[in-house]
Amino acid sequence: MERNGGKQQQQQPETAAPAPAPRKGAWRDGAVTYFHLLFYIAISGGQIFFNKWVLSSKEINFPYPVALTLLHMLFSSVVCFAATKIFKVIKIDEGMTTDVYVSSVIPIGAMFAMTLWLGNSAYLYISVAFAQMLKAIMPVAVFLLGTAFGLEEMNCKMLAIMSIISVGVIVASVGEITISWVGVVYQMGGVVAEALRLIFIEIFLKKKGVRLNLISMMYYVSPCSAFCLFIPWLFLEKPKMDASISWNFPPITLFLNCMCTFVLNLSVFLVISRTSALTARVTGVVRDWSVVLLSAAIFADTKLTFINIVGYAIAIVGVVAYNNHKLKPQANQQQGADSKVSPGSPLHVEIPLNSTKESS
């Protein structure tokens with residue numbers, strides 16, 4: 001009895017002491033998560049402004065969106081190769097076969113290249129704010145293409161959500177003062193390419209069930225996207241660059257631009273690994289509103305009207321409804337998977353391939 005009592009007295013301090021630790025750990029973990037969200041908003045919005053400045057600024061004078069996007073993909077390919085093959089700080093996931101690469105990774109990389117190319121090209125013709133408003137139509141394109149591929153089912157609720165988004169984007173477009181249809185075509189082409197990329201990713205997941213960490217995904221997709229961008233650059237922009245004597249290539253500025261793009265891709269995966277795809281989507285909505293409002297204050301070509309704001313607000317209501325309806329089950333599943341992984345090592349978290357849709 002005395003021995004048991006003594007053991008209980010010795011064990012009591014050990015069980016009582018760790019009580020405050022979870023509270024402190026939870027507070028620290030929550031602070032880190034919010035830091036990731038704020039960092040994602042800052043770096044994502046900043047990269048949009050950075051690209052716009054590089055492409056349209058008279059100081060930089062580098063109006064070549066394909067070349068700029070090609071530099072981004074080459075930079076990402078080199079960094080991923082160095083991290084995995086030279087310094088070996090990250091291990092590439094095994095299981096990638098030639099058949100999987102040809103049938104899945106190449107179409108995804110090609111659509112990713114098309115998305116970036118057309119999206120950056122739009123900045124030469126339309127304002128950043130209007131480009132963000134047009135991007136709100138993305139769920140409509142994804143849903144319609146998904147229905148065509150047999151991945152989605154038409155129902156009254158989704159039809160209502162798609163109608164709200166479409167009406168909002170149309171109203172925002174009507175309110176645009178200096179509309180350029182060339183820029184609209186580029187932006188909508190980028191939206192369709194991004195929607196196709198997401199469809200290919202979903203098909204890839206259902207047929208192959210492959211899971212890749214963030215470095216593995218960039219390691220495989222970036223070289224493919226770079227090759228797909230090299231062909232249009234060779235025929236469309238290289239002759240213009242050779243014939244023009246006015247453009248310049250500022251190495252430091254372009255290096256920083258490529259670095260910001262790479263960090264942005266990392267931040268997207270870090271946000272998803274710590275939260276969920278739904279949280280990243282909601283954060284993206286906050287980012288979009290911030291970009292629209294800041295662009296009106298920064299760029300002279302951005303003049304927001306009352307109709308612009310009302311239309312975009314209507315579209316955002318539909319986007320939020322779509323995110324809540326479509327992505328909440330996926331977010332809950334991912335949160336359950338993330339809880340099994342140490343939050344201190346997000347680079348090694350296995351993330352489903354469809355999480356990469358946030359990077360756009």
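Visitor: How many residues does the protein have, and what share of them count as buried?

Guide: This is a predicted model. The protein has 360 residues, and 49% of them count as buried.

Visitor: Let us look at a helix pair. How do α4 and α9 cross?

Guide: Helix α4 covers residues 98-122, and helix α9 covers residues 214-243. Their axes come within 8 Å and cross at roughly 55°.

Visitor: Left-handed or right-handed?

Guide: The crossing of α4 with α9 is right-handed.

Visitor: Which residues meet there?

Guide: On the α4 side, the residues are Tyr101, Val105, Ile106, Ile108, Gly109, Ala110, Phe112, Ala113 and Trp117. On the α9 side, they are Met217, Tyr220, Val221, Cys224, Ser225, Cys228, Leu229, Pro232 and Leu236. By class, this contact of α4 with α9 holds 16 nonpolar residues, two polar ones and no charged ones.

Visitor: Changing topic to the backbone: what is the phi of Asn61?

Guide: Asn61 has a positive phi of about 55°, although Asn61 is not a glycine. This residue is found in the loop between α2, residues 20-56, and α3, residues 65-86.

Visitor: How accessible is Asn61?

Guide: Asn61 has a relative accessible area of 23%, so it counts as partly exposed. The cut-off for buried is under 20%, and partly exposed runs from there up to the limit for exposed, which is over 50%.

Visitor: Where is Lys88, and what is its phi?

Guide: Lys88 lies in the loop between α3 and α4. Its phi is near 55°, again a positive value in a residue other than glycine.

Visitor: Is Lys88 buried or exposed?

Guide: Lys88 is exposed, because its relative accessible area is 64%.

Methods: Residues numbered from 1 in each chain as written. Predicted model: local features only at pLDDT ≥ 70, side-chain atom pairs only at ≥ 80, totals over all residues. Heavy atoms only, no water. Buried < 20%, exposed > 50% of the residue type's maximum accessible area, 1.4 Å probe, protein only. Helix = DSSP H or I, 4+ residues; strand = E, 2+ residues; numbered from the N terminus. Axes fitted to C-alpha atoms, helices over the stretch in contact; angles between N-to-C directions. Left-handed = near helix turned anticlockwise from the far one by under 90°. Contact = heavy atoms within 4.5 Å. Nonpolar A, V, L, I, M, F, W, Y, C, P; charged D, E, K, R; others polar.
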